[in-house]
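Subject: Handover of a structure

Dear colleague,

Please find the structure below, with its sequence. My notes on the chains, their contacts and some backbone details follow.

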Amino acid sequence: MKKKSILPAIKKTFSQYYSVFLIFFIWEIISRSGVVHPVLLPPVSKIIVRFFELLFFGKLVYHTGQSMLRMWIGLGLATLVSVPLGIMMARSSIIRSFLEPLLGLGFPIPKIGIYPVLIIFFGVLHFSKIALIFIESAFPIIMATFNGAIFVEQKLIWSAESMGTRRRKILWKIILPLTLPHIFMGFRVGLIVSLIAVFLSEMIASAEGLGHLMMSSSRVFRSTDMFVAIGMISFLGLLFDRIFLSLRRKALKWHPEATL
Amino acid sequence: MLKENRIFYTVLSTSIIFALWEGLSRTGIITSEILPPFTTSFYGSLQLIASDEFSKHLLASSYRWAIGFSISLVLSIPIGIYMARSKRVYNFFDPLLTLTYPVPKAAMIPILMLWMGAGDLSKVTVIVIGCFIPLVISAYHGAQGVETSIIWSAKAMGMGERAVLFRIILPASLPTIFSGIRMALAISLIVVLGSEMIARQSGLGYYLFNSLEMGLYQTTYSVLIIISGIGLFLDAIFSLIMRKVLVWA
Amino acid sequence: MAFSNGVNMAKLLVQQISKTYNSGKESREVEALAGIDLEVNEGEFFSLVGPSGCGKSTLLYIIGGFIPPSGGKIFANGKEVTSPGIDRGIVFQEFALFPWKTVIQNILYGLEQRKIKREERLAIASKYIEMTSLRGMEHLYPKELSGGMKQRVAIARTLACNPDILLMDEPFGSLDAQTRVFMQDELLRIWDETRKTVLFVTHSIEEAVHLSDRVAVFSHRPGRIKEILPIDIPRPRIREEEVSRGQYIKLINYLWKAVEREVKGFS
């Protein structure tokens, strides 16, 4: 039974992503033909082989681990801080008046510029990167949470109150579930920016991590290794996004908007 | 919050932050090597802007950014609009976009530097790559969201395909496109700065990181202030343009 | 007036309720309600009609305890009203269902606030699901329901809390004409089973006459009660018979004229 159902699925994937396979195919041909210097564009097959080499015999796992450690600590802390902050902004006009302009101003400022300052404070090890990731991902999560919490329909709160819910509990029972879709949206953006932030910061100044791997490989012109690093980074980005989307689909199965 | 209130609170909040900065530094809670006072740093910024050496780098960054950003606008927006009009174009680009969406384009910087050297070309290219997705997606959604009833009305009044495109679809999708441009603006600044910090040859990013490596921390803060100022300035100008163009929205 | 031994036995007593909104800056005051006196008796179906913006919903929200009055007092079941409470249930035009909860979870919501055992909660919820013809839809989410179904969930949810008074703010205003007519009769059936005291706000005079024991006509802003009209059509009110009754038509015409005067601005 299984064999039968896999073939149409493979066919479907091919036809949907034909442009991607096409590009990989052309890539392999161009690379092997020698039109482009093999250092500049190593063949896809060679990259795949090297990927497994580094995975089992090299330090790929180590570097990936370092990057992921930094990213998830930064993103996790940012979420823990930003969601309550966003909700507080929606509930208290004092907090809102203070934070809202700061958030608005912070948005167009390229926060990578603050990375050197973070290095001044925390050195080149993990903490400066975690701090950068924290700052980068906090912004979208706070803003999204705030936007969700502030528009909670009054009549829903009134309904809950007339059914005996006390003021204090309204936050947990009504506002939080309704803000959840927005929190998810903000987290998705946070996921993307924290990915960018961790790799960028590692490429600029780091002794370990996938970004560092990329830079150290480029210095000795090992382009295959560079592509392995890119491949790993891409894979992680896709993986997290897919996991995120399926979690969101489950958690928000009640939400009327199909494409959120 | 009313408009007057908003300006008031913005000034208030930023003043508090600057005062905090100044206070922490001057009182020595954080040593002034690590955190020079705000006033000193700001004064340093002014001096930098006046200096020739810095202006050279500032110009280099501006030049790269302007070219890269313009190219990405001219390239991405038409593709996005075309995707909304032609199913075949859509089917070609959509899987590429979905796959590359969660992938940080910053990872391309070293490879591009390998191919194109550490000069302007690689930076311009990475700006184009970085801004491509948000611009294409917003252009697509903008063009797609134009109500079919409006398009049909126009056609019933005898408008040809080209006229419909330029006089109906384009104006109607502008609000969405503009918000995409705003996001691409922020991304382009990060990309140009980041790539300069990696390449370490010239430009604001180089200058910033170089001051760190040389231990000239005061300069680091001064450059940071300038960079932030530029980001805010560009965004403000863009918002102004947006408001003028979209006065009907 | 419902008195017993000199004590006012009305289920709901509204005394001189007024509401003025201050728009802050130029002290531009909006007087929404200007002294409302009202008594609703136990088990009575009482409607409020009047021109748009006359304050009938505002009065309902004040009675519900969601908005504080500027002056006057309200007594429900003899106790003064100062905040929302489980004795006064409310049903809104927009349904106000909790979208992240299924039908049965919505209905169970009020019950969960009280200390009742799980089996008992489910039994109560089941009873109201049956009463509002929602059997089979317990595990659907509000996004999967039609307008009529959503309103039935809203009604079941409120009834499950067993309030003394049921406040309804144009509950059928969002429904299409046919569903609306159907829901009116559903409501009568449910009301007949539970005999709650109902305060019903509506724009539709036919609806008010069909459903109510008494109808109050509101003036235009600032809202005052111009008159209260008893609807002496015998129950059960069967639509097909009723429409041909002279009494029904007379009442509707009378109320139309009364409201029309207010809409046109005459007092």
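I begin with C:Ser133, which is partly exposed because 15 other C-beta atoms lie within 10 Å (a residue is buried if 20 or more other C-beta atoms lie within 10 Å of its own, exposed if 12 or fewer, and partly exposed in between, with C-beta atoms placed from the backbone). This is a predicted model, in which local features need pLDDT of at least 70 and side-chain atom pairs count only at pLDDT 80 or more, whereas totals for chains, interfaces and linings use all residues. Residues are numbered from 1 along each chain as its sequence is written, while chains are lettered from A and ligands numbered from 1 in the order in which they are written.

Backbone details

C:Ser133 has a positive phi, near 55°, and is not a glycine. Its place is the loop between helix H3 (118-131) and helix H4 (147-160) of chain C; helices (H or I, at least four residues) and strands (E, at least two) are DSSP runs, numbered from the N terminus. In chain B, B:Arg200 likewise shows a positive phi, of about 55°, without being a glycine. B:Arg200 sits in the loop between helix H8 (161-199) and helix H9 (204-213) of chain B, and is partly exposed, with 15 other C-beta atoms within 10 Å.

Chain C also contains cis peptide bonds. One runs from C:Arg221 to C:Pro222, with omega near -5°; C:Pro222 belongs to the loop between strand S11 (214-218) and strand S12 (225-230) of chain C. Another joins C:Arg235 and C:Pro236, with omega about 0°, and C:Pro236 is in the loop between S12 and helix H7 (239-243) of chain C. As background, most residues other than glycine have a negative phi, and most peptide bonds are trans.

Contacts between chains

Two pairs of chains are in contact, and chains A and B share the most contacts (two residues are in contact if their C-beta atoms, placed from the backbone, lie within 7 Å). Chain B gives 40 residues to this contact and chain A gives 41. On the side of chain B that touches chain A, the elements giving two or more residues are helix H1 (3-26), helix H4 (87-100), helix H5 (108-116), H8, H9 and helix H10 (217-245) of chain B. H10(B) provides the largest share, 10 residues. By class, this side of chain B has 32 nonpolar, seven polar and one charged residues; Ala, Val, Leu, Ile, Met, Phe, Trp, Tyr, Cys and Pro count as nonpolar, Asp, Glu, Lys and Arg as charged, and the others, Gly among them, as polar.

Chain C meets chain A through 19 of its residues, which contact 12 residues of chain A. Strand S8 (88-91) and helix H2 (103-112) of chain C are the elements that give two or more residues to this side of chain C, and S8(C) has the largest share, three residues. The classes here are 12 nonpolar, four polar and three charged. Chain B and chain C do not touch, and their nearest C-alpha atoms are 12 Å apart.

A helix pair in chain A

Within chain A, the axes of helix H4 (residues 60-91) and helix H10 (residues 210-219) come within 7 Å and cross at roughly 130°. Axes are lines fitted to C-alpha atoms, for helices over the stretch in contact, and angles run from 0 to 180 degrees between N-to-C directions. H4(A) is therefore oblique to H10(A), since angles under 35 degrees count as roughly parallel, over 145 as roughly antiparallel, 65 to 115 as roughly perpendicular and the rest as oblique. A:His63, A:Thr64 and A:Ser67 of H4(A) make the contact with A:Leu210, A:Gly211, A:His212 and A:Leu213 of H10(A). Two of these residues are nonpolar, five are polar and none is charged.

With kind regards
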